[in-house]
Structure formats: structure tokens, C-alpha cells
Amino acid sequence: LLGAPGAGKGTIAQQLGSRYRVPWISTGELFRSHLANQTELGRLASASMAAGGLVPDDVTCAMIADRLDRPDVRQGFILDGFPRTCVQADALTGLLAASSPGRCLDQAIVVKCPDCLIIDRLRSRRVCSSCGRSFNMVTRPPREPGICDACSSPLIRRADDQPDIIAARLATYREQTAP
Ligand code: ADP
């Protein structure tokens with residue numbers, strides 16, 4: 001799934017993942033969990049994420065190569081937010097070709113959404129600190145304020161959902177991912 005930040009990739013990817021019973025692989029979520037666990041990879045990713053830029057391609061591609069090597073992806077998987085550069089797209093083609101013969105993507109879906117809606121959505125977005133599910137304080141609030149409907153963990157505001165970082169993320173999308 002491709003699309004600007006806040007377009008709805010994560011929400012759609014999670015729904016498709018449960019419908020087709022295949023793992024939801026979000027590079028953003030993987031980076032956030034490395035950050036939370038204070039790994040070396042989290043350290044490498046943190047500055048780019050905080051500034052609304054992209055984590056370097058070599059770091060991102062190595063992380064995805066590792067993830068696509070795990071047994072749970074054999075029946076399929078949904079990629080959310082990868083690839084985001086032409087280098088990553090080429091790397092993905094190579095990774096799939098090098099895995100089991102004939103493996104390829106079924107679909108590449110672009111989720112489109114106007115910038116003004118994205119900005120509103122990201123400002124009122126809250127995410128589960130444990131399972132990553134997204135909520136919107138205006139249009140899709142949780143049943144109990146501040147608590148995830150799915151796993152009852154606290155909801156938080158992502159550090160990069162601040163107005164100036166949102167603008168930087170949109171610019172990054174236009175410059176590096178849209179092509
Ligand atoms: P969004 O698409 O809403 O911006 P994500 O959770 O998908 O949020 O990504 C959060 C951050 O993680 C991005 O702003 C970027 O810094 C980093 N990131 C995620 N996916 C990639 C990727 N494929 N390549 C480089 N950086 C990425």
C-alpha cells in the first residue's frame with residue numbers, strides 16, 4: 001500500500017491483513033518498535049523519523065529483507081509504507097525474485113487523499129501504544145476515551161503528528177515517494 005502519510009494506508013492494511021489472514025508489515029511500525037526497544041536500528045532511524053524524512057534506504061531495505069525472511073509471510077503479506085523510494089522498489093523486486101521462484105506482488109494500491117484532509121486527520125489521530133491501531137478523536141473515537149478498543153492499552157499521539165513535522169512528511173512524500 002502506497003500513499004501520503006495519513007492517507008489511510010495503515011487502517012486499510014490492517015483490515016486487509018485480518019480479512020486475508022496475512023501479516024501486516026508496516027515499516028513505520030517496525031521502526032517505532034526498534035525505537036521503543038532502543039536497538040541500534042532504532043538509533044539509526046530516530047533522527048530521520050523525528051524530522052519527517054525517510055530512514056536511509058540501506059537500513060530500511062535490510063530491515064524488510066529480514067522481515068520477509070520469516071516463515072509467517074509464506075502465505076502472503078501486506079506491505080504498508082514500503083517501498084517509499086525508487087531504490088526501495090528495485091530492492092523489493094530483487095528480494096522477491098531471490099525468495100521462492102515466481103513470487104511477485106499481486107497488487108500495488110495507491111491510497112489517495114487531499115492534503116487538507118490529511119492535515120486534519122493527523123492532528124486528531126491517536127494510536128494504540130501497544131497494537132498500533134489508529135483512532136481519530138473526531139471521526140473514529142475509541143469506545144472509552146484514551147483506551148484502545150482492541151487491546152485496552154493507552155492511546156498516544158505520535159511524536160511526528162505535529163504540524164511542522166506533518167508538513168515535512170508531506171513534502172518528503174511528494175519528492176521521494178510519488179515518483
Ligand atoms: P506515515 O506514512 O503516516 O508518515 P509511517 O508510520 O508509515 O507513517 O512512517 C513513520 C516514519 O517512519 C516515516 O516518516 C519515515 O521516517 C519512516 N519510514 C517508514 N517507512 C519508511 C520507508 N519505507 N523508508 C524510509 N523511511 C520510512
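Which residue's side chain meets that of aspartate 115 in a salt bridge? The partner is arginine 174, and the N to O distance is 3.0 Å. This report describes a predicted model, beginning with the charged pairs and moving on to the ligand site and the backbone.

## Salt bridges

The structure holds 9 salt bridges. One of them is the pair of aspartate 115 and arginine 174, which links distant parts of the chain. Aspartate 115 belongs to helix α6 (residues 115-123), whereas arginine 174 belongs to helix α7 (residues 163-177). The two residues are 59 residues apart. Aspartate 115 has a relative accessible area of 34% and is therefore classed as partly exposed, since that class lies between the limits of 20% and 50%.

A further salt bridge joins arginine 143 to aspartate 149, with 4.0 Å between the closest N and O atoms. Arginine 143 has a relative accessible area of 69%, so this residue is exposed. Aspartate 149 counts as partly exposed because its relative accessibility is 27%.

## A network with buried members

Arginine 158 and aspartate 160 also form a salt bridge, and their closest N and O atoms are 3.0 Å apart. Arginine 158 is buried, with a relative accessible area of 14%. Aspartate 160 is likewise buried, with a value of 12%. Both residues belong to one network, in which salt bridges that share partners also take in Arg125, Asp161 and Arg169.

## The ligand and its surroundings

The ligand sits in the largest pocket. There are 20 residues around the ligand, and those that come nearest are Thr27, Arg32, Gly53, Arg84 and Gln88. Helix α2 (residues 27-36) gives the most to this shell, with 4 residues.

For arginine 84, an N or O atom of the side chain is 2.4 Å from a ligand oxygen atom. For arginine 32, a polar side-chain atom lies 2.8 Å from an oxygen atom of the ligand. For lysine 9, the corresponding distance between a polar side-chain atom and a ligand oxygen atom is 2.9 Å. Taken alone, the ligand exposes 540 Å², and the protein buries 96% of that area.

## Glutamine 88

Glutamine 88, one of the residues that come nearest to the ligand, has its place in helix α5. With a relative accessibility of 3%, glutamine 88 counts as buried. Its side chain is joined to that of aspartate 57 by a polar contact of 3.0 Å.

Most residues other than glycine have a negative phi, and most peptide bonds are trans. The peptide bond from phenylalanine 82 to proline 83 is cis, with omega near 0 degrees. Proline 83 lies in the loop between β3 (78-80) and α5 (86-98).

Glutamine 38 is found in the loop between α2 and α3 (40-51). Its relative accessible area is 71%, so glutamine 38 is exposed. Serine 152 is found in the loop between β6 and β7, and a relative accessibility of 55% places serine 152 among exposed residues.

## The loop between β6 and β7

Where does proline 154 lie? Proline 154 is in the loop between β6 (134-136) and β7 (155-156), the loop that also holds serine 152. Proline 154 is partly exposed, with a relative accessible area of 49%; serine 152, at 55%, counts as exposed. The cut-off between these two classes is 50%.

Proline 154 and serine 130 are 24 residues apart in sequence. In space, the distance between them is 7.7 Å, taken from C-alpha to C-alpha.

Definitions and conventions:
Residues are numbered from 1 along each chain as its sequence is written. This is a predicted model: local features need pLDDT of at least 70, side-chain atom pairs count only at pLDDT 80 or more; totals for chains, interfaces and linings use all residues. Side-chain values use heavy atoms; hydrogens and water are left out. Buried means under 20% relative accessible area, exposed over 50%, partly exposed in between (1.4 Å probe, protein chains only). A residue is near a molecule or strand if one of its heavy atoms lies within 4 Å of it. A polar contact is a pair of N or O atoms within 3.5 Å; within protein, one must be able to donate a hydrogen and the other to accept it, and residues adjacent in sequence count only if both atoms are side-chain atoms. Accessible areas come from the Shrake-Rupley method with a 1.4 Å probe; for residues, only the protein chains shown count as cover. On a 1 Å grid over the protein atoms alone, a cavity is a set of points where a 1.4 Å probe fits but cannot get out, and a pocket is an open set with protein on both sides within 12 Å along at least five of seven lines; lining residues have an atom within 4 Å of a point. A molecule sits in a cavity or pocket if more than half of its atoms lie within 2 Å of its grid points.
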